[in-house]
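Trainee: Can you walk me through this one? Pick any starting point, and spell out the cut-offs as you go.

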Amino acid sequence: MKKRFFALLLAVCIACTMLVMPASAGGSNTAVQAAVMLGGLDSGQDAGAALTRGQLAKLLAAFSSYRESAAAGNTSGALFTDVAGSDPLAAPIRIAVQQGWMSGYSDGSFRPSNTVTLEEACAAVLNLLGYDVTTLNDTFPTAQLNKARELGLRSDLAAGQGDTLTIADGALLLYNALTAQTAEGETYGSTLGLTVTDGQVDVSSVLLEDVEGPFVADGSTQLPFEPEAVYRNDEVTNSASLHTYDVYYYNVNARTLWIYTTKAAGRITAVSPSASAPTSVTVAGTEYTIGSSQAASALSSLNGGGVGQVVTLLLGMDDEVVRVLTGSEADQVFYGVVQDSSRSLIEDNGADVLQNVTVACTDGVTRTVQVDKSLNYPAGWLVEITVDENGESIRSIDEKHTSGAFNSGSTALGGTALAEDVEILDTTGEGMAGTIRPSRLSGVTLASDDVRYYTTNEAGEIDRLILDNVTGDLWTYGVLDDVRNLTDAAAAAIDGTSGSDTGSSGSSLSTLADNILPTTSEILYGIIDGSILSTFWESLTSSPSSIASWLLSAASDSTTGPLSSVLGWLGDGASYVCYIDGENTALNTSVKYPVVAGGIAVGKNASDEVTSMRQLMPVLIDGLGAASATSGGTRYETADDMQVYLWYKGQYFATTLSQVNPEEYYLIGWRDNMGCAAGNKIRVLVAVKKD
């Protein structure tokens, strides 16, 4: 459910931007968002308007165990002369009065349009928390105001005695109540089933009760409201259009719509736990949870479904199966890149060989397809997977190029519009692949070779796009530990093989190491004091073959004895000790790569084997922004998953950016400079204490 919670919270934050907030209400945003989520506010309301008695009753009911009853609008006739039974506020007003939180007037009226002062609102919330205001010290309003302050109800509220509250103030008062102690000594939010941790309240799980769906769209689907926040496959979009077979959910209170277009197609290879009552199904090598009774029925063996059936699964939130398509409706075509192929022995009808090809597709789904054992599908090949009544088939496809610049809104490439549900896959020649958002490519210019393949829909819009290492995001990034460890091992080997006559050889190796393999400290401080310039660094580390391997091999050609054998050994391969995502990691390779120290990029294949290694380019950072860094007036974007390390006395320590004060540290950013069109981001930040 993690994806669903995340999408839900994002949606509400977007919806709440529709609220008109007063200039002084910045601190009330969280409270207003919570009020919208719980149904105490509508997203179209002016949160800076004066709080009325009717609106206060709605907030009280929304922040109570009677939330659902208030939202349902259940009433039993008119309770007050000035509140009709059909009034949208009738239900929460009735609840507020019957529970003793508020009261009407002796003339039989409630006066829902009257504004509310701070002390009146505090008295109502204290009633909500179960306090007997008649037992409080002092008299109204002093007693109520003092108790409210004691409980934290007035935190961040600027209003004083006699002041009229705004709607945002009322939301904040009720939000503060969630973390306040009730008369029984419990945290109020906990009594409602909410999670309260360190003064923070998670209200997302409550709103899930108001999410309606899943539904499957057809050509005539109409929504019951006009959405203000729309998510397509958990990404923000401006279009609420629904197409046939789209799976959708909505929340009327938050005026939010979620649309899912992901499909899984192929032959069913397994159902679980039983054929007659399945709760999960495996298609194209991936297992999916069945999320609707309709889908479970279609996949049950009691209705002719199950293993061997060719289907297309319509997937909703959390990739749960919502509906099952069969027959001609199940026909689908997918495009992607081969990640791996393997052959295995089967003995169903005598010994034979079965070949499975694993393909990363543009929709983000990795599919496994059985193919003829005699065919070859190397990693990195572009392929097309077809699903029809005969099952799945796969074939290689020729590259299809295009070029141009993405516009600032990431809605078009060159002169061609992107479909609203465009699927973009970045790939490498080794079969690594990952889907990316269109926004990731905003303003990026692609050369023809950057695009490996694309397709267009009936409207001529690009709906699938396969790229060739455009983002740089498919590399693994980290920092290389002190490379001098390699020469230390070599020196020890010399000492062990040549006895007392190796002094000169050991000295030669040490001199060679000092010239070729500087320590991490030497490199970091060289960058800080300017003795290592970027142009020198680029020329030092840009060779496609290993610096150490080339120079050491050259030295071994003119050297005899033990030193020659050790230098030749150094040219064969290495074990690189790195920190990747904060973890100490050893990477063993059969060849050396042009990396010396500091930030590195590691290329891997789908089997997690190292296929290449590149040195990142260092920049001395003099300014940090929200998602960028500057160096000498040049601005560099920082990667979303940028790693941060503290370097101290020869060791890296993983930390976070929030813990690094630029005034107290030298900051060295390591950016990828492998020529990726949407790369050149700072992937690693190393902080060196100025003391």
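Mentor: Strand E32 pairs with strand E33 (residues 634–648) in the antiparallel sense, over four bridges. Two strands pair if DSSP finds at least two bridges between them. Helices (H or I, at least four residues) and strands (E, at least two) are DSSP runs, numbered from the N terminus. One of the bridge partners is Glu637 in E33, which sits across from Ser628.

Trainee: Before we go on, what kind of model is it, and which pLDDT do local features need?

Mentor: The model is predicted: local features need pLDDT of at least 70, side-chain atom pairs count only at pLDDT 80 or more, and totals for chains, interfaces and linings use all residues. Residues are numbered from 1 along each chain as its sequence is written, and side-chain values use heavy atoms, with hydrogens and water left out.

Trainee: OK. What is phi of Gly632 in the E32 and E33 hairpin?

Mentor: Gly632 takes a positive phi near 60° there, and the hairpin has two residues between the strands.

Trainee: And how does E31 relate to E32?

Mentor: E31 (residues 623–624) runs antiparallel to E32 (residues 628–631), and two bridges join them. Leu624 has Ala629 of E32 as its bridge partner. E31 and E32 also form a hairpin, with three residues between them.

Trainee: Zooming out, how many helices and strands does the protein have?

Mentor: The count is 17 helices and 36 strands. The protein has 691 residues, of which 48% count as buried. Buried means under 20% relative accessible area, exposed over 50%, and partly exposed in between (1.4 Å probe, protein chains only).

Trainee: What share of contacts join residues at least 24 apart?

Mentor: Among contacts between residues at least 6 apart in sequence, 62% join residues at least 24 apart. Contact means heavy atoms within 4.5 Å.

Trainee: Switching to helices. How many residues of H3 are buried?

Mentor: Ten of the ten residues of H3 (residues 53–62) are buried, so the helix is largely enclosed by the rest of the structure. The buried set includes Arg53 and Lys58. The buried residues of H3 pack against H2 (29–38), H4 (67–72), H5 (90–98), H6 (118–128) and H8 (167–177).

Trainee: What about H8, is it mostly covered or open?

Mentor: H8 is mostly covered, with eleven of its eleven residues buried. Asp169, Tyr175 and Asn176 are among them. The cover on H8 includes H2, H3, H6, helix H9 (188–191) and strand E2 (200–202).

Trainee: Which residues is Asp363 in contact with, leaving aside its neighbours within four places?

Mentor: Those are Lys263, Phe334, Glu423 and Thr435. Asp363 lies in the loop between strands E14 (352–361) and E15 (366–371) and is buried, at 17% relative accessible area. Its side chain makes a polar contact with the side chain of Arg367 (2.8 Å) and reaches the backbone nitrogen of Val365 at 3.1 Å. A polar contact is a pair of N or O atoms within 3.5 Å; within protein, one must be able to donate a hydrogen and the other to accept it, and residues adjacent in sequence count only if both atoms are side-chain atoms.

Trainee: Last topic. Where is Pro273, which has a cis peptide bond with Ser272?

Mentor: Pro273 is in the loop between strands E8 (263–272) and E9 (280–283), and omega of that bond is about 5°. Gly213 and Pro214 are also joined by a cis peptide bond, with omega about 10°, and Pro214 sits in strand E3 (residues 212–216).

Trainee: And Asp234, buried or exposed?

Mentor: Asp234 is buried at 17% relative accessible area. Its phi is positive, about 65°, although it is not a glycine.
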